Amino acid sequence: MTVRVTLVSPAMSKALSDVRFDDDSSLAPAGLARAEAAAGALPPALHVYTSPSQRCRQTAQALGLNAEPLAGLAACDMGRWRGQTLDAVAAAEAEAVALWLDDPTAAPHGGEALRDVRIRVGAWLDTVQHSLTGRIVAVAEPDVVRAAVLHALSAPDQAVWRLDVRPLTATELSGRAQRWNLLNGYALRPRNGEVSSHR
């Protein structure tokens, strides 16, 4: 049996627009409006989940999804960098930022290494593939989407920075016979209130 996992990135928030390590802020008004306008863009799913962050939960609600928050889909714990902009951290801790960008096993901020996020998200994806069927939707943080794609494609950890996950886009993974296929992220834009043609 085939399982289809649609990973939806959250709509725009101030943290995203500021290039700031998220502090669990809410969606920006324009992001919320865009998510509400995209309600109905996703096909029905048997299971619907969300990262526990406020912006992911608000995106799910705006899309009309009754989503269950999962700790396993949480964003990377950025430790003491949480809430700060990348520019500010780079100015104060240039060597630490360089290490973090170069080494997926490093966590100079005192939080979680990117490899650990990949392992955590990969474990969830493996569980989904072996225990569920049909369509699954998860509104997930961009780093969670990147981790899932890396795991699905068995890509090297260093490729994490080469994956661009834009706000309010859907990335589809279809799993069968111990492998995953990828449909790159597409914008959620229902036409005239109709369900998106992406399946």
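On a 1 Å grid over the protein atoms alone, a cavity is a set of points where a 1.4 Å probe fits but cannot get out, and its lining residues have an atom within 4 Å of a point; grid points are joined across faces, edges and corners, and a volume is the space filled by probe spheres set on the points. The model is predicted, so that local features need pLDDT of at least 70 and side-chain atom pairs count only at pLDDT 80 or more, while totals for chains, interfaces and linings use all residues. Residues are numbered from 1 along each chain as its sequence is written, and side-chain values use heavy atoms, with hydrogens and water left out.

The structure holds one cavity of 30 Å³ or more, and the volume of the largest cavity is about 70 Å³. Its lining consists of Pro104, Leu114, Arg115, Val117, Arg118, Asp143, Arg146, Ala147, Leu150, Asp157 and Val160. Two helices, α6 (114-131) and α7 (142-153), each supply at least two residues of this lining, where helices (H or I, at least four residues) and strands (E, at least two) are DSSP runs, numbered from the N terminus. By class, six of the lining residues are nonpolar (Ala, Val, Leu, Ile, Met, Phe, Trp, Tyr, Cys and Pro), five are charged (Asp, Glu, Lys and Arg) and none is polar (the others, Gly among them).

Helix α7 has 12 residues and reaches 17 Å from its first C-alpha to its last, close to the 16 Å expected at 1.5 Å a residue, the expected span being 1.5 Å times one less than the number of residues. Because 10 of its 12 residues are buried, α7 is largely enclosed by the rest of the structure; buried means under 20% relative accessible area, computed with a 1.4 Å probe on protein chains only. Among the buried residues of α7 are Asp143, Arg146, Ala147 and Leu150, which also belong to the cavity lining. After α7 comes Ser154, whose phi is positive, near 55 degrees.

Turning to the aromatic rings, a search of the whole structure finds five aromatic pairs, where rings of Phe, Tyr and Trp (its six-membered ring) pair if their centres lie within 6.5 Å, and planes over 60 degrees apart count as edge-to-face. The rings of Phe21 and Trp100 have centres 5.6 Å apart and planes at 75 degrees, so this pair is edge-to-face. Trp81 and Trp100 also form an edge-to-face pair, at 5.7 Å centre to centre and 90 degrees between the planes. Phe21, Trp81, Trp100 and Trp161 form one aromatic cluster.

Technical notes. Phe/Tyr/Trp six-rings, centres within 6.5 Å; stacked < 30°, edge-to-face > 60°. 1 Å grid on protein atoms, 1.4 Å probe; cavity = no way out; pocket = protein on both sides within 12 Å on 5 of 7 lines; lining within 4 Å. Buried < 20%, exposed > 50% of the residue type's maximum accessible area, 1.4 Å probe, protein only.
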